[in-house]
Amino acid sequence: MAELLNMLVASVIPLLFILVYAIVILWTEIKVASHVQDRLGYMYTGGFHGWAQPIADLLKLLSKEHITPANSDKILFILAPVIVFAASYAAYAALPFTSTFIAANLNVGVFYIIAITSFVVIGILMAGWSSNNKYSLLGAMRSVAQIVSYEIPTALSILTVVIVVGTLNLQEVCEAQKGGLFNWNIFKYPPFMFIAFLIYFVASLAEVNRTPFDIPEAESELVAGYHTEYTGMKFAMFYLAEYANMFLVSGIAAILFFGGWNSPFGEFMSGPAWGVFWFVSKGLFFVFLQIMLRWTLPRLRVDQLMYVSWKVLTPISFVNIMIVGLWAILK
Amino acid sequence: MATFEITTRSAKGDLKTDTMILNMGPQHPSTHGVLRLELVVDGEIIVDVIPHLGYLHRCFEKHAEQMTNYQQVIPYVDRMDYVAAMGNELAYVLAVEKLMGIEVPERVQYIRVIMAELQRIASHLLAIGTYGLDLGAFTPFLWCFREREKILDLFEITCGARLLYNYIWIGGLSHDLPSDFGKKLKDFLKTFPKALKEINDLLTYNKIFIDRTANIGVLPADVAINYGCSGPMLRGSGVKFDLRKNEPYLVYDRFEFDIPVGEGKMGTVGDCWDRYYVRVREMEESLKIIEQAWEQIPAGDVHAAIPKKARPPQGEIYFRAENPRGEIGFYIISDGHSSSPFRVKARAPSFVNLSVLPEISKGYMIADLVAILGSVDIVLGEVDR
């Protein structure tokens, strides 16, 4: 019984976090965009800078009609958004929010996250194929090509960290970076860990379909890509998954390179409660970076995207991993 | 440059794939209104493009023949190219004036030049802003709109309207400039170069933007001439032809300005980036013209030459002027006794420029087609007159 309760708590906390965070970040994204673009954005609903607008949007999405295209593959069509969201939600299990809370303290945490997030591709492919819409299909095909390609540089740069800390357990990765700013992985083996981080960050943008790599969606080319035919809550699931993924990759960046839940000041402001603060704010910082990039850059073309992955990021990360590996052996 | 090679592959050889017909538009976000493009695609590579027009057809030319007088046609002309209404009015009015042999006061000519050039800047701002949007950059779009608003404010204090003006009348103007126009114009002239620099930093010289537009949709000069392209479409291909210089009308021969042409700075001459950049530089040149015109503008009456009833003698005329999108021409036949035109035919630049689209987009990808179509800068009101 106690075990069941434990499981329930451990699974509800990340879900609650995702929901609250999604609402906040939805608001933030609009407000950041508005500031970049010299406009106001949300201003009315709820008073202060329209804080209640994302909640109103959520209620609206909940009450919208579910439309299923006539000749679609109905089972796949309904299953797709669920799989996409479930995949990114499942990855949260291995995310150490603080030194005392991690839903599942796996000793292969890194491996688990890489494996489970690749489910997103299947979901998107299902969505695109089952919609029976050419734009959706093109979007899904693009997405498969993109996410599969970018998993290689992502995994390689994560592996560099694994070489440095010598463990696949994310909690232990955090532990290894204890003791202030300069113990963070990003500052080890300069500048090769920094390069690894850059590769990871760029590749993770592609993994979560954010600009300049939002090619599966590509609203000016493919109308809305793989989710063209989705309405109401099914559409919202894709959106929720996108935002959940944004924090997921940002959180992993924080864990692998920026000390996770560790305080940058050593013992000062550390402890389990502060741990949540540090981890979430580091994660949100990278989410903010992703938002800023979205409102700054145009979109790449499909083949250019492939070029960046196969001919730029992958070779560099191979060389990088070799150098770090050698350095770690010689040390 | 040329980090990425142009994609002109198609699945030949061992791999057998089927082509697919994909309808882009009329409701597609990148077809700028109501254009339908029928694409034959091989995967993401375009085998053929067939534009289907006519969703917006408003029978403007036929309407013009039903009016009770020539003056009433002007609001209709406005609605053809609704983002460059001043230019349309100007061309139509100049055609009628030429047919009637009216000489307008100098002040009117200067104001018309200022208005036409302001309109050119406004129109080009919209063109480059939406071009950014086509390529997935949202912010430049709103920054360009912000600047365009300032021009629309100037138009609003002058004639009360922001989009469709009915300002340039046969033989004069509907209103003289308001007293605070000069101050506001100077403010605009002072702030605009800074805004332009910001837009350049954000979009024009962005690496991704260049990679998306350089070497894409290359339009050779001879093809452009054969298809009758004009405006930035033609000049982007390196042909130095601008009616303001080649066949000066109004007082354009009194100002110093350059005709920017595509130089292939980032890729090939006549690619999308060139067409885009010609527009950016034309805005700078228009600023020069406005500055000079404002310095030289004489006093006078703007209603002096307005006829009580416009009734041209029997005859016909074709007059062409340089609009932001290219050469706009009006062919008018007057029967000599009625006060409405017997026949009006407009030669719309977008319509002609659009006709070259199938020629320059084969072998590229769907994403490139969006870039190519955006660089043509069509206004559908003008395509389906």
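B:Lys288 is partly exposed, with a relative accessible area of 34%; the class lies between buried (under 20%) and exposed (over 50%), using a 1.4 Å probe and protein chains only. This is a predicted model: local features need pLDDT of at least 70, side-chain atom pairs count only at pLDDT 80 or more, and totals for chains, interfaces and linings use all residues. Residues are numbered from 1 along each chain as its sequence is written, chains are lettered from A and ligands numbered from 1 in the order in which they are written, and side-chain values use heavy atoms, with hydrogens and water left out.

B:Lys288 forms a salt bridge with B:Asp258 at 3.9 Å, N to O. The term means a side-chain nitrogen of Lys or Arg within 4 Å of a carboxyl oxygen of Asp or Glu. B:Lys288 sits in helix 11 of chain B and B:Asp258 in the loop between helix 10 (243-246) and helix 11, so the pair ties together parts 30 residues apart in sequence. Helices are DSSP runs of H or I, at least four residues long, numbered from the N terminus. B:Asp258 is partly exposed too, at 43%.

B:Lys288 also meets B:Glu285 in a salt bridge, at 3.2 Å. These two are 3 residues apart in helix 11 of chain B, about one helical turn. B:Glu285 is buried, at 6% relative accessibility.

Helix 11 (residues 272-296) of chain B also holds B:Glu282. B:Glu282 bridges to B:Arg235, with the closest N and O atoms 2.5 Å apart. B:Arg235 lies in helix 9 (residues 232-236) of chain B, 47 residues away. B:Glu282 is buried at 1%, and B:Arg235 is buried at 0%. Over all chains, the count comes to 40 salt bridges.

Now the nonpolar core: buried Ala, Val, Leu, Ile, Met, Phe, Trp, Tyr and Cys residues joined through side-chain atoms within 4.5 Å. The largest has 127 residues, and B:Leu118 is among those that touch the most other members. Helix 4 (residues 106-134) of chain B gives the most to this core, with 13 residues. Another core, of 88 residues, lies apart from it and includes A:Phe101 and A:Trp261.

Finally, the interface. Contact (heavy atoms within 4.5 Å) takes 26 residues from chain A and 38 residues from chain B. Between the chains there are 3 salt bridges. B:Arg146 forms a salt bridge with A:Asp38, the closest N and O atoms being 2.3 Å apart.
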